[in-house]
Amino acid sequence: MNDEADRRALSGTVLDLLRKIAPELEPAAIDPHRPLRRQVDLDSMDWLNFLIALGAHFGIEIPEADYARLVSLADVIDYVKAGRHGS
Amino acid sequence: MIRFELPSLGPDMDEGTLLKWQVQPGDTVKRGQVVAVVDTSKAAVDVEIWQDGVVAELLVKPGEKIPVGTALATLLAPGEVAGAPEAPPAAPGPAAPSRRPVSPAARKRAQELGIVAETLAGTGAQGSVTLADVEAADRQSRGRAGPAAAAAPSAAAGRSQAMRKAIGAAMSRSKREIPHYYLSESIPMANALAWLQRRNDGVAIAERMLPAVLILKAVALALRRTPELNGFYREGQFIPATAVHAGVAISLRGGGLVAPAIHDVDSKALDALTRDLGDLVQRARAGSLRSSEMADPTITVTNLGDQGVDSVFGVIYPPQVALVGLGRIATRPWAYDSGEIRALPVVNASLAADHRASDGHRGALFLAELRELLQEPALLAADASPAASQDNRKKGDGHE
(Lines give C-alpha, C1' and ligand atoms only; values in the text may rest on other atoms or scores of the structure.)
Protein backbone atom coordinates (compact mmCIF):
# COMPACT_ATOMS: atom_id res chain seq x y z
CA MET A 1 0.00 0.00 0.00
CA ASN A 2 1.38 3.41 -0.84
CA ASP A 3 1.86 5.92 1.88
CA GLU A 4 -1.10 8.11 1.07
CA ALA A 5 -3.57 5.25 0.90
CA ASP A 6 -2.16 3.90 4.15
CA ARG A 7 -2.64 7.26 5.85
CA ARG A 8 -6.20 7.52 4.57
CA ALA A 9 -7.04 4.09 5.91
CA LEU A 10 -5.44 4.87 9.27
CA SER A 11 -7.25 8.17 9.45
CA GLY A 12 -10.58 6.38 8.96
CA THR A 13 -9.76 3.89 11.72
CA VAL A 14 -8.60 6.58 14.13
CA LEU A 15 -11.73 8.65 13.54
CA ASP A 16 -13.91 5.58 14.06
CA LEU A 17 -12.26 5.08 17.46
CA LEU A 18 -12.80 8.73 18.27
CA ARG A 19 -16.45 8.50 17.31
CA LYS A 20 -17.03 5.91 19.99
CA ILE A 21 -16.18 8.70 22.43
CA ALA A 22 -17.65 11.64 20.52
CA PRO A 23 -20.52 10.19 18.51
CA GLU A 24 -21.42 13.49 16.87
CA LEU A 25 -18.00 13.88 15.26
CA GLU A 26 -18.08 14.66 11.54
CA PRO A 27 -14.96 13.22 9.92
CA ALA A 28 -15.15 15.59 6.95
CA ALA A 29 -14.99 18.59 9.27
CA ILE A 30 -11.74 17.53 10.94
CA ASP A 31 -8.66 19.47 9.93
CA PRO A 32 -5.85 16.92 10.31
CA HIS A 33 -3.33 19.59 11.25
CA ARG A 34 -5.25 21.37 13.98
CA PRO A 35 -5.47 20.14 17.58
CA LEU A 36 -8.00 17.33 17.75
CA ARG A 37 -9.20 18.05 21.26
CA ARG A 38 -10.28 21.57 20.36
CA GLN A 39 -12.05 20.44 17.23
CA VAL A 40 -13.94 17.63 18.90
CA ASP A 41 -14.40 19.15 22.39
CA LEU A 42 -12.79 16.35 24.37
CA ASP A 43 -11.97 16.73 28.03
CA SER A 44 -9.04 14.96 29.64
CA MET A 45 -11.12 11.91 30.53
CA ASP A 46 -12.38 11.61 26.94
CA TRP A 47 -8.85 11.98 25.65
CA LEU A 48 -7.55 9.30 28.00
CA ASN A 49 -10.31 6.96 26.83
CA PHE A 50 -9.38 7.70 23.23
CA LEU A 51 -5.72 6.87 23.87
CA ILE A 52 -6.75 3.67 25.63
CA ALA A 53 -8.79 2.66 22.57
CA LEU A 54 -5.97 3.66 20.23
CA GLY A 55 -3.39 1.62 22.14
CA ALA A 56 -5.66 -1.40 22.33
CA HIS A 57 -6.66 -1.29 18.67
CA PHE A 58 -3.17 -0.96 17.23
CA GLY A 59 -1.45 -2.94 19.95
CA ILE A 60 0.94 -0.10 20.76
CA GLU A 61 2.18 1.15 24.08
CA ILE A 62 1.61 4.87 24.57
CA PRO A 63 3.75 6.03 27.48
CA GLU A 64 2.55 9.16 29.21
CA ALA A 65 5.66 11.00 28.06
CA ASP A 66 4.38 10.71 24.48
CA TYR A 67 1.04 12.39 25.15
CA ALA A 68 2.44 15.77 24.22
CA ARG A 69 3.31 14.53 20.73
CA LEU A 70 -0.29 13.54 20.04
CA VAL A 71 -2.06 16.76 19.22
CA SER A 72 -3.50 16.69 15.71
CA LEU A 73 -4.94 13.85 13.69
CA ALA A 74 -1.79 13.92 11.56
CA ASP A 75 0.32 13.50 14.72
CA VAL A 76 -1.74 10.52 15.79
CA ILE A 77 -1.37 8.88 12.38
CA ASP A 78 2.40 9.48 12.38
CA TYR A 79 2.61 8.00 15.85
CA VAL A 80 0.63 4.91 14.96
CA LYS A 81 2.70 4.36 11.80
CA ALA A 82 5.95 4.69 13.70
CA GLY A 83 4.68 2.43 16.48
CA ARG A 84 3.67 -0.29 14.05
CA HIS A 85 7.00 -0.19 12.24
CA GLY A 86 8.93 -0.04 15.46
CA SER A 87 7.31 -3.10 16.95
CA MET B 1 -44.86 -1.92 56.96
CA ILE B 2 -42.29 0.47 55.52
CA ARG B 3 -43.20 3.15 52.98
CA PHE B 4 -40.48 3.57 50.41
CA GLU B 5 -40.64 7.07 48.98
CA LEU B 6 -39.02 8.61 45.93
CA PRO B 7 -35.86 10.11 47.43
CA SER B 8 -34.64 13.60 46.63
CA LEU B 9 -32.59 13.53 43.46
CA GLY B 10 -30.89 16.83 44.04
CA PRO B 11 -32.12 20.35 44.71
CA ASP B 12 -33.15 21.06 41.15
CA MET B 13 -35.15 17.90 40.71
CA ASP B 14 -38.52 17.72 42.39
CA GLU B 15 -40.20 15.10 40.24
CA GLY B 16 -39.43 12.15 38.04
CA THR B 17 -41.09 9.63 35.77
CA LEU B 18 -40.93 6.00 36.80
CA LEU B 19 -39.38 4.13 33.87
CA LYS B 20 -39.34 0.63 35.31
CA TRP B 21 -39.26 -1.50 38.40
CA GLN B 22 -36.22 -3.70 39.00
CA VAL B 23 -38.01 -5.71 41.72
CA GLN B 24 -41.32 -7.50 42.12
CA PRO B 25 -43.58 -8.04 45.14
CA GLY B 26 -42.10 -10.83 47.24
CA ASP B 27 -38.48 -9.96 46.38
CA THR B 28 -36.06 -9.58 49.24
CA VAL B 29 -34.13 -6.32 48.92
CA LYS B 30 -30.94 -5.15 50.54
CA ARG B 31 -30.10 -1.62 51.50
CA GLY B 32 -28.34 0.07 48.59
CA GLN B 33 -29.96 -2.18 45.99
CA VAL B 34 -31.33 -0.53 42.86
CA VAL B 35 -35.09 -1.11 42.88
CA ALA B 36 -36.36 1.24 40.18
CA VAL B 37 -35.28 3.51 37.36
CA VAL B 38 -36.67 7.03 37.38
CA ASP B 39 -36.20 9.50 34.58
CA THR B 40 -35.37 13.08 35.51
CA SER B 41 -34.50 16.14 33.51
CA LYS B 42 -30.84 15.19 33.78
CA ALA B 43 -30.54 11.44 33.58
CA ALA B 44 -32.24 8.12 34.08
CA VAL B 45 -31.52 7.59 37.77
CA ASP B 46 -31.18 4.18 39.39
CA VAL B 47 -33.11 4.55 42.61
CA GLU B 48 -31.53 2.73 45.54
CA ILE B 49 -33.47 1.51 48.53
CA TRP B 50 -32.28 2.49 51.97
CA GLN B 51 -33.66 -0.39 53.97
CA ASP B 52 -33.52 -4.15 53.97
CA GLY B 53 -36.89 -5.79 53.58
CA VAL B 54 -39.31 -7.69 51.41
CA VAL B 55 -41.26 -5.88 48.71
CA ALA B 56 -44.98 -5.99 49.58
CA GLU B 57 -46.67 -3.82 47.01
CA LEU B 58 -45.64 -1.56 44.13
CA LEU B 59 -47.72 1.61 44.33
CA VAL B 60 -46.60 3.40 41.16
CA LYS B 61 -46.74 2.18 37.58
CA PRO B 62 -44.09 2.75 34.95
CA GLY B 63 -44.89 5.90 33.00
CA GLU B 64 -46.30 7.78 35.98
CA LYS B 65 -44.83 11.17 36.80
CA ILE B 66 -44.34 11.52 40.55
CA PRO B 67 -43.05 14.23 42.89
CA VAL B 68 -40.20 13.58 45.32
CA GLY B 69 -41.60 12.06 48.51
CA THR B 70 -44.28 9.99 46.79
CA ALA B 71 -44.62 6.49 48.22
CA LEU B 72 -43.33 4.14 45.52
CA ALA B 73 -43.78 0.84 47.30
CA THR B 74 -44.41 -0.75 50.62
CA LEU B 75 -41.95 -3.12 52.24
CA LEU B 76 -42.13 -5.63 55.04
CA ALA B 77 -39.28 -5.20 57.47
CA PRO B 78 -37.27 -8.40 57.74
CA GLY B 79 -38.42 -10.56 60.64
CA GLU B 80 -35.24 -10.51 62.65
CA VAL B 81 -33.42 -7.28 62.02
CA ALA B 82 -31.77 -7.20 65.41
CA GLY B 83 -28.46 -6.05 63.92
CA ALA B 84 -28.95 -2.86 62.04
CA PRO B 85 -27.97 -3.15 58.40
CA GLU B 86 -24.31 -2.61 57.78
CA ALA B 87 -22.89 -0.42 55.07
CA PRO B 88 -24.64 -0.91 51.76
CA PRO B 89 -23.49 -4.06 50.03
CA ALA B 90 -21.12 -3.36 47.24
CA ALA B 91 -23.84 -3.86 44.69
CA PRO B 92 -22.22 -3.77 41.31
CA GLY B 93 -23.07 -0.58 39.50
CA PRO B 94 -25.06 -0.84 36.31
CA ALA B 95 -22.95 -1.84 33.36
CA ALA B 96 -21.82 1.43 31.90
CA PRO B 97 -23.21 1.66 28.41
CA SER B 98 -20.99 3.55 26.06
CA ARG B 99 -22.24 6.66 24.39
CA ARG B 100 -24.30 5.77 21.40
CA PRO B 101 -23.05 7.17 18.13
CA VAL B 102 -25.45 9.70 16.67
CA SER B 103 -25.25 10.93 13.11
CA PRO B 104 -24.94 14.70 12.78
CA ALA B 105 -28.24 14.92 10.91
CA ALA B 106 -29.95 12.89 13.61
CA ARG B 107 -28.46 15.07 16.33
CA LYS B 108 -29.62 18.24 14.63
CA ARG B 109 -33.15 16.95 14.16
CA ALA B 110 -33.25 15.57 17.71
CA GLN B 111 -32.32 18.99 19.08
CA GLU B 112 -35.11 20.58 17.06
CA LEU B 113 -37.56 18.05 18.43
CA GLY B 114 -36.24 18.24 21.98
CA ILE B 115 -35.22 14.59 21.98
CA VAL B 116 -32.01 13.32 23.56
CA ALA B 117 -30.69 11.27 20.67
CA GLU B 118 -28.37 9.21 22.86
CA THR B 119 -31.33 7.65 24.63
CA LEU B 120 -32.75 6.15 21.44
CA ALA B 121 -32.11 2.68 20.12
CA GLY B 122 -30.07 3.10 16.97
CA THR B 123 -30.61 1.10 13.82
CA GLY B 124 -27.62 2.44 11.86
CA ALA B 125 -24.11 1.03 11.57
CA GLN B 126 -22.78 -0.15 14.96
CA GLY B 127 -26.06 0.78 16.58
CA SER B 128 -25.71 4.42 15.65
CA VAL B 129 -28.77 6.61 15.92
CA THR B 130 -29.93 7.79 12.51
CA LEU B 131 -32.27 10.51 11.34
CA ALA B 132 -34.96 7.87 10.80
CA ASP B 133 -34.62 6.70 14.42
CA VAL B 134 -35.16 10.24 15.68
CA GLU B 135 -38.20 10.77 13.47
CA ALA B 136 -39.62 7.43 14.57
CA ALA B 137 -39.13 8.28 18.24
CA ASP B 138 -40.86 11.60 17.73
CA ARG B 139 -43.82 9.95 16.01
CA GLN B 140 -44.00 7.37 18.75
CA SER B 141 -43.93 9.88 21.58
CA ARG B 142 -46.67 11.94 20.01
CA GLY B 143 -48.80 9.21 18.55
CA ARG B 144 -48.93 6.28 20.86
CA ALA B 145 -51.33 6.06 23.77
CA GLY B 146 -50.66 4.15 26.96
CA PRO B 147 -48.36 5.67 29.56
CA ALA B 148 -46.00 2.71 29.83
CA ALA B 149 -45.32 2.49 26.14
CA ALA B 150 -44.83 6.20 25.70
CA ALA B 151 -42.82 6.72 28.85
CA ALA B 152 -39.28 6.45 27.56
CA PRO B 153 -39.54 8.56 24.44
CA SER B 154 -41.79 11.21 25.96
CA ALA B 155 -39.55 11.53 28.98
CA ALA B 156 -36.55 11.82 26.71
CA ALA B 157 -38.32 14.37 24.57
CA GLY B 158 -37.70 17.80 25.89
CA ARG B 159 -35.02 16.66 28.29
CA SER B 160 -32.53 19.20 27.11
CA GLN B 161 -35.01 22.03 27.66
CA ALA B 162 -35.99 20.54 30.99
CA MET B 163 -32.36 20.30 32.02
CA ARG B 164 -31.68 23.90 31.05
CA LYS B 165 -34.71 24.92 33.09
CA ALA B 166 -33.61 22.85 36.09
CA ILE B 167 -30.12 24.31 36.00
CA GLY B 168 -31.59 27.77 35.62
CA ALA B 169 -33.86 27.29 38.62
CA ALA B 170 -31.07 26.01 40.87
CA MET B 171 -28.63 28.73 39.81
CA SER B 172 -31.25 31.49 40.15
CA ARG B 173 -31.97 30.29 43.64
CA SER B 174 -28.24 30.28 44.35
CA LYS B 175 -27.75 33.83 43.09
CA ARG B 176 -30.87 35.02 44.90
CA GLU B 177 -30.23 33.40 48.26
CA ILE B 178 -26.54 32.74 48.69
CA PRO B 179 -24.24 35.63 49.56
CA HIS B 180 -21.23 34.38 47.62
CA TYR B 181 -17.67 35.40 48.28
CA TYR B 182 -14.83 34.47 45.95
CA LEU B 183 -11.16 33.72 46.54
CA SER B 184 -8.44 32.39 44.33
CA GLU B 185 -4.98 30.97 44.74
CA SER B 186 -2.21 30.05 42.29
CA ILE B 187 -0.93 26.59 43.10
CA PRO B 188 2.40 25.29 41.80
CA MET B 189 1.86 21.82 40.39
CA ALA B 190 5.45 20.72 39.67
CA ASN B 191 5.60 18.27 42.59
CA ALA B 192 2.18 16.86 41.91
CA LEU B 193 2.81 16.37 38.20
CA ALA B 194 6.24 14.84 38.81
CA TRP B 195 4.70 12.44 41.30
CA LEU B 196 1.96 11.56 38.83
CA GLN B 197 4.51 11.00 36.08
CA ARG B 198 6.45 8.57 38.27
CA ARG B 199 3.27 6.87 39.36
CA ASN B 200 1.96 6.52 35.79
CA ASP B 201 5.26 5.46 34.27
CA GLY B 202 4.99 1.88 33.11
CA VAL B 203 1.37 1.64 34.26
CA ALA B 204 -1.21 0.38 31.77
CA ILE B 205 -2.82 3.37 30.14
CA ALA B 206 -6.26 2.56 31.51
CA GLU B 207 -4.94 2.81 35.06
CA ARG B 208 -3.11 6.09 34.70
CA MET B 209 -4.18 8.77 37.10
CA LEU B 210 -5.27 12.21 35.94
CA PRO B 211 -4.28 15.36 37.83
CA ALA B 212 -8.00 15.84 38.52
CA VAL B 213 -7.93 12.83 40.86
CA LEU B 214 -5.07 14.21 42.92
CA ILE B 215 -6.78 17.59 43.13
CA LEU B 216 -10.07 16.01 44.18
CA LYS B 217 -8.36 14.14 46.98
CA ALA B 218 -6.51 17.27 48.10
CA VAL B 219 -9.78 19.21 48.18
CA ALA B 220 -11.37 16.56 50.36
CA LEU B 221 -8.48 16.49 52.81
CA ALA B 222 -8.26 20.28 52.96
CA LEU B 223 -11.93 20.35 53.93
CA ARG B 224 -11.14 18.55 57.17
CA ARG B 225 -9.54 21.74 58.35
CA THR B 226 -12.45 23.88 57.24
CA PRO B 227 -15.58 21.81 57.76
CA GLU B 228 -17.73 24.94 57.38
CA LEU B 229 -17.27 24.64 53.63
CA ASN B 230 -18.55 21.07 53.47
CA GLY B 231 -22.24 20.48 54.08
CA PHE B 232 -25.62 22.06 53.59
CA TYR B 233 -27.37 25.28 54.45
CA ARG B 234 -30.93 24.40 55.33
CA GLU B 235 -33.71 26.20 57.16
CA GLY B 236 -31.58 29.07 58.28
CA GLN B 237 -28.59 27.14 59.49
CA PHE B 238 -25.49 25.38 58.32
CA ILE B 239 -25.29 21.65 58.86
CA PRO B 240 -21.78 20.28 58.40
CA ALA B 241 -21.42 16.94 56.64
CA THR B 242 -19.54 14.11 58.27
CA ALA B 243 -17.87 12.90 55.07
CA VAL B 244 -16.81 14.57 51.85
CA HIS B 245 -19.05 13.57 48.97
CA ALA B 246 -17.57 15.61 46.17
CA GLY B 247 -19.96 16.56 43.40
CA VAL B 248 -17.99 16.47 40.18
CA ALA B 249 -19.31 18.79 37.50
CA ILE B 250 -19.50 16.79 34.28
CA SER B 251 -20.52 18.43 31.04
CA LEU B 252 -22.80 16.44 28.79
CA ARG B 253 -22.29 16.19 25.08
CA GLY B 254 -25.81 17.21 24.22
CA GLY B 255 -25.42 20.31 26.42
CA GLY B 256 -26.04 20.85 30.10
CA LEU B 257 -24.22 19.34 33.03
CA VAL B 258 -24.63 17.10 36.03
CA ALA B 259 -22.63 17.12 39.25
CA PRO B 260 -23.08 13.69 40.84
CA ALA B 261 -21.14 12.78 43.95
CA ILE B 262 -18.13 10.58 44.45
CA HIS B 263 -18.70 9.35 47.98
CA ASP B 264 -16.19 9.52 50.82
CA VAL B 265 -13.42 11.14 48.82
CA ASP B 266 -11.65 12.03 52.06
CA SER B 267 -11.26 8.42 53.11
CA LYS B 268 -10.81 6.76 49.71
CA ALA B 269 -7.49 5.66 48.25
CA LEU B 270 -6.30 7.36 45.07
CA ASP B 271 -6.58 4.23 42.95
CA ALA B 272 -10.20 3.79 44.00
CA LEU B 273 -10.86 7.45 43.21
CA THR B 274 -9.32 7.01 39.77
CA ARG B 275 -11.70 4.16 39.04
CA ASP B 276 -14.69 5.94 40.56
CA LEU B 277 -14.11 9.11 38.59
CA GLY B 278 -13.77 7.27 35.28
CA ASP B 279 -16.86 5.24 36.02
CA LEU B 280 -18.87 8.27 37.09
CA VAL B 281 -17.99 10.31 34.01
CA GLN B 282 -18.88 7.43 31.75
CA ARG B 283 -22.21 6.80 33.47
CA ALA B 284 -23.09 10.48 33.63
CA ARG B 285 -22.53 10.80 29.89
CA ALA B 286 -24.54 7.65 29.24
CA GLY B 287 -27.33 9.08 31.40
CA SER B 288 -27.21 6.38 34.07
CA LEU B 289 -26.66 7.62 37.60
CA ARG B 290 -27.63 6.39 41.04
CA SER B 291 -30.02 8.23 43.32
CA SER B 292 -27.47 8.52 46.12
CA GLU B 293 -25.01 10.16 43.73
CA MET B 294 -27.56 12.76 42.70
CA ALA B 295 -28.84 13.55 46.15
CA ASP B 296 -25.96 14.10 48.46
CA PRO B 297 -22.90 15.97 47.15
CA THR B 298 -21.59 18.04 50.07
CA ILE B 299 -19.45 20.32 47.90
CA THR B 300 -18.91 20.68 44.14
CA VAL B 301 -15.60 20.61 42.31
CA THR B 302 -15.54 21.89 38.76
CA ASN B 303 -12.60 21.57 36.46
CA LEU B 304 -12.78 23.77 33.39
CA GLY B 305 -9.09 23.64 32.59
CA ASP B 306 -9.62 21.21 29.76
CA GLN B 307 -11.32 23.96 27.83
CA GLY B 308 -8.36 26.18 28.48
CA VAL B 309 -9.69 28.75 30.94
CA ASP B 310 -7.36 30.19 33.56
CA SER B 311 -9.84 30.33 36.41
CA VAL B 312 -13.42 29.69 37.40
CA PHE B 313 -15.81 32.00 39.23
CA GLY B 314 -18.26 29.45 40.52
CA VAL B 315 -21.94 29.54 41.36
CA ILE B 316 -22.71 27.43 44.41
CA TYR B 317 -25.13 24.57 43.97
CA PRO B 318 -27.69 24.95 46.78
CA PRO B 319 -28.05 23.70 49.47
CA GLN B 320 -24.28 23.25 49.33
CA VAL B 321 -22.16 26.09 50.66
CA ALA B 322 -19.05 26.00 48.52
CA LEU B 323 -17.73 25.27 45.06
CA VAL B 324 -14.09 24.76 44.15
CA GLY B 325 -13.09 25.67 40.60
CA LEU B 326 -9.94 24.68 38.80
CA GLY B 327 -8.53 26.23 35.66
CA ARG B 328 -5.92 24.94 33.25
CA ILE B 329 -2.59 23.67 34.51
CA ALA B 330 -0.30 25.94 32.53
CA THR B 331 3.41 26.71 32.57
CA ARG B 332 3.82 30.15 34.12
CA PRO B 333 6.63 32.24 35.58
CA TRP B 334 6.87 31.72 39.32
CA ALA B 335 8.85 34.04 41.58
CA TYR B 336 10.32 32.53 44.75
CA ASP B 337 10.94 34.52 47.90
CA SER B 338 14.65 34.31 47.12
CA GLY B 339 14.03 36.39 44.00
CA GLU B 340 14.60 33.47 41.70
CA ILE B 341 12.12 33.11 38.86
CA ARG B 342 11.33 29.80 37.25
CA ALA B 343 8.83 28.44 34.76
CA LEU B 344 6.46 26.07 36.58
CA PRO B 345 3.19 24.32 35.91
CA VAL B 346 0.62 26.28 37.90
CA VAL B 347 -3.11 25.92 38.38
CA ASN B 348 -5.50 28.61 39.59
CA ALA B 349 -7.85 27.23 42.20
CA SER B 350 -10.86 29.29 43.16
CA LEU B 351 -13.36 29.04 45.94
CA ALA B 352 -16.90 30.36 45.82
CA ALA B 353 -18.37 30.07 49.30
CA ASP B 354 -21.50 30.98 51.21
CA HIS B 355 -21.01 33.87 53.62
CA ARG B 356 -23.82 32.53 55.81
CA ALA B 357 -21.65 29.51 56.60
CA SER B 358 -18.10 30.83 56.52
CA ASP B 359 -15.91 33.90 56.14
CA GLY B 360 -13.15 34.77 53.73
CA HIS B 361 -10.55 34.08 56.37
CA ARG B 362 -11.63 30.45 56.65
CA GLY B 363 -11.93 30.19 52.89
CA ALA B 364 -8.37 31.45 52.57
CA LEU B 365 -7.21 28.80 55.03
CA PHE B 366 -8.86 26.17 52.88
CA LEU B 367 -7.08 27.32 49.72
CA ALA B 368 -3.76 27.54 51.55
CA GLU B 369 -4.24 24.01 52.83
CA LEU B 370 -5.12 22.83 49.33
CA ARG B 371 -1.93 24.38 48.01
CA GLU B 372 0.16 22.76 50.75
CA LEU B 373 -1.37 19.33 50.22
CA LEU B 374 -0.64 19.47 46.51
CA GLN B 375 3.03 20.12 47.29
CA GLU B 376 3.19 16.74 49.03
CA PRO B 377 1.43 14.30 46.73
CA ALA B 378 2.96 11.34 48.54
CA LEU B 379 0.92 12.31 51.60
CA LEU B 380 -2.24 12.29 49.52
CA ALA B 381 -1.37 8.83 48.29
CA ALA B 382 -0.61 7.55 51.76
CA ASP B 383 -3.86 8.82 53.14
CA ALA B 384 -6.67 6.35 52.91
CA SER B 385 -8.18 6.82 56.33
CA PRO B 386 -9.20 9.85 58.33
CA ALA B 387 -7.03 8.95 61.29
CA ALA B 388 -3.91 8.48 59.22
CA SER B 389 -4.35 11.85 57.62
CA GLN B 390 -4.76 13.76 60.81
CA ASP B 391 -1.59 12.20 62.16
CA ASN B 392 0.27 13.09 59.02
CA ARG B 393 -0.95 16.63 59.05
CA LYS B 394 -0.06 17.10 62.68
CA LYS B 395 3.44 15.91 61.98
CA GLY B 396 3.58 18.25 59.04
CA ASP B 397 2.54 21.15 61.23
CA GLY B 398 5.28 20.37 63.70
CA HIS B 399 7.91 20.91 61.06
CA GLU B 400 6.46 24.09 59.65
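Analyst: Domain bounds here come from an automatic or database domain assignment. On that basis chain B is divided into domain 1 (2-76), domain 2 (104-161) and domain 3 (180-399). This is a predicted model, in which local features need pLDDT of at least 70 and side-chain atom pairs count only at pLDDT 80 or more, while totals for chains, interfaces and linings use all residues. Residues are numbered from 1 along each chain as its sequence is written, with chains lettered from A and ligands numbered from 1 in the order in which they are written.

User: What makes up the contact between domain 1 and domain 3 of chain B?

Analyst: Two residues are in contact if their C-beta atoms, placed from the backbone, lie within 7 Å. The C-alpha centres of these two domains of chain B lie 32 Å apart, and the contact takes 13 residues from domain 1 and twelve from domain 3. Strand S5 (residues 44-48) of chain B gives the most to the domain 1 side, with five residues. A strand, by the way, is a DSSP run of E with at least two residues, and a helix is a run of H or I with at least four, both numbered from the N terminus.

User: Why are S1 and S3 of chain B said to stand at the edges of their sheet?

Analyst: Two strands pair if DSSP finds at least two bridges between them. Chain B has an open, antiparallel sheet in the order S1-S8-S6-S3. Strands S1 (2-5) and S3 (28-29) each have a single partner strand there, so one side of each is left without a neighbour in the sheet. S3(B) is joined to S6(B) (residues 53-58) by two bridges, so that pair meets the definition.

User: How do you know what length to expect for helix H9 of chain B?

Analyst: The expected span is 1.5 Å times one less than the number of residues. H9(B) (residues 360-375) has 16 residues and should span 22 Å; its end C-alpha atoms are 23 Å apart, which agrees.

User: Which residues of H9(B) are called buried?

Analyst: A residue is buried if 20 or more other C-beta atoms lie within 10 Å of its own, with C-beta atoms placed from the backbone. In H9(B), Gly363(B), Phe366(B), Leu367(B), Leu370(B), Leu373(B) and Leu374(B) are buried. Taking the directions from the helix axis to the C-beta atoms, they cover an arc of only 125 degrees, which puts them on the same side of H9(B). Among the elements they pack against are strand S9 (180-188) and helix H5 (190-200) of chain B.

Conventions
A residue is buried if 20 or more other C-beta atoms lie within 10 Å of its own, exposed if 12 or fewer, and partly exposed in between; C-beta atoms are placed from the backbone.
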